[in-house]
Amino acid sequence: MFRVMSFVALLSLLALNACNTKTSESDKQAAAATKISIEVLVVDDVPGREMDIDLFDGGPMTKEERLAFMPNGKAPAAVNVFVLKSGDQTYLIDAGFGNAVKDGRIDAGKVDAVFITHAHGDHISGLLKEDSTANFNAAVYISAPESYYWLNADTPNSALQKKIEDVYGNRYKTFAFGDTLVPGVVAIDASGHTPGHTAFLVDMGDKKMLVAGDFLHAAALQFPNPEECARFDMDRDASIKRRIELMQMCIDNNWLIAGIHIPGGFGTVKSNGDGGFEFTPYQ
């Protein structure tokens, strides 16, 4: 069984009068009509995934020290896909390898847009089925710096990204950090892991969730030891800086924190008082 956790909330999209004049009754009725119910679902595309200790070779700790946080040299992980349901619209954050589409847990034909954290294969492979769009009719959104980097590089990830751009055509779209992609979803700069790595701040009315992509890979190791890096991090200094910044943002603003490789998807974070952080899965 895959693990699904959800929240339901109302987003109030109230238009402010530019001149700060009194809101008319018709304005109030129009604002009320724009309320959107959002549900966030977490689907693990690769149940049972683990991260191996040998993937972590960046940071101040020795392998022996890492073993204290990764018994038997492994840490529980995941490849999460986040499903956002807003009224009659359905969005995805990342597409994983496409397992959840293949086995019917996600209906690709009902997805209106896919927001990509970054262009590594375990996040975008699910957008393709051979040379087709894996039954997606959705628009695909990726940050402009992420798209530019991979479309101009020469790696297997580049070839995959170029195929996605070609197959999706005018449904392949780029955005800037800070853009509101749809009501309630804002793109946040999380670059470091890759040049245009993106987190998405999801506004659920009385709560916000920061879906922070690959800000970490092994929760058991990297929450308490945020200076530890996986070899996947392209700019390790920037990755460390962003990892700490993103977690502190969640603490300061009382946001939930979510990650593609966090077992269960999301939870709360607080300082452990020793330069690291403590993660609690949301119950």
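**Group meeting: a walk through the sheet**

Strand 14 and strand 16 run parallel, and 3 bridges join them. In that pairing, Leu 210 stands opposite Ile 257 in strand 16. Keep in mind that this is a predicted model.

Now the other side of the story for Leu 210. Leu 201 stands opposite Leu 210 in strand 14.

Strands of a sheet pair through backbone hydrogen bonds, and the pairing can be parallel or antiparallel.

So what is the order of the strands in this open sheet? It reads 11-12-13-14-16-17-18, which makes 7 strands with mixed pairing. Which strands are at the edges? Strand 11, at 180-182, and strand 18, at 277-281. Each of them pairs on one side only. On average, neighbouring strands are turned by 35° against each other, direction ignored.

Strand 11 and strand 12, residues 185-189, run antiparallel with 2 bridges. Val 182 has Val 185 in strand 12 as its bridge partner.

Next, a helix over the sheet. Helix 8 covers residues 236-253. Helix 8 lies across strands 12, 14, 16, 17 and 18. Against strand 17, residues 266-271, the helix runs at about 95°.

Let me pick out some single residues. First, Gln 222. You will find Gln 222 in helix 7, residues 219-222. Is Gln 222 buried or exposed? Its relative accessible area is 0%, so Gln 222 counts as buried. Where does its side chain reach? To the backbone nitrogen of His 217, at 2.7 Å. Beyond its neighbours within four places in sequence, Gln 222 is in contact with several residues, among them Phe 56, Glu 228, Cys 229, Arg 243 and Met 247.

Second, Arg 66. Arg 66 sits in helix 2, residues 63-67. Its relative accessible area is 6%; buried means under 20%, so Arg 66 is buried. Leaving aside neighbours within four places, the contacts of Arg 66 include Ile 53, Phe 56, Asp 57, Leu 221 and Glu 228. Phe 56 and Glu 228 come up for Arg 66, and they come up for Gln 222 as well.

Third, two cysteines. Cys 229 is buried, with a relative accessible area of 1%. Cys 250 is buried too, at 2%. How many disulfides does the structure hold? The count is 0.

Now step back to the whole protein. It has 283 residues, and 51% of them count as buried. The secondary structure comes to 8 helices and 18 strands. Take the contacts with a separation of 6 or more: residues 24 or more positions apart account for 65% of them. The protein exposes about 13000 Å². Carbon and sulfur atoms supply 50% of that area.

To recap. Gln 222 is buried, and so is Arg 66. That's my tour.

Conventions: Residues are numbered from 1 along each chain as its sequence is written. This is a predicted model: local features need pLDDT of at least 70, side-chain atom pairs count only at pLDDT 80 or more; totals for chains, interfaces and linings use all residues. Side-chain values use heavy atoms; hydrogens and water are left out. Two strands pair if DSSP finds at least two bridges between them. Helices (H or I, at least four residues) and strands (E, at least two) are DSSP runs, numbered from the N terminus. Axes are lines fitted to C-alpha atoms, for helices over the stretch in contact, and angles run from 0 to 180 degrees between N-to-C directions. Contact means heavy atoms within 4.5 Å. Buried means under 20% relative accessible area, exposed over 50%, partly exposed in between (1.4 Å probe, protein chains only). Accessible areas come from the Shrake-Rupley method with a 1.4 Å probe; for residues, only the protein chains shown count as cover. A disulfide is a pair of cysteine sulfur atoms within 2.5 Å. A polar contact is a pair of N or O atoms within 3.5 Å; within protein, one must be able to donate a hydrogen and the other to accept it, and residues adjacent in sequence count only if both atoms are side-chain atoms.
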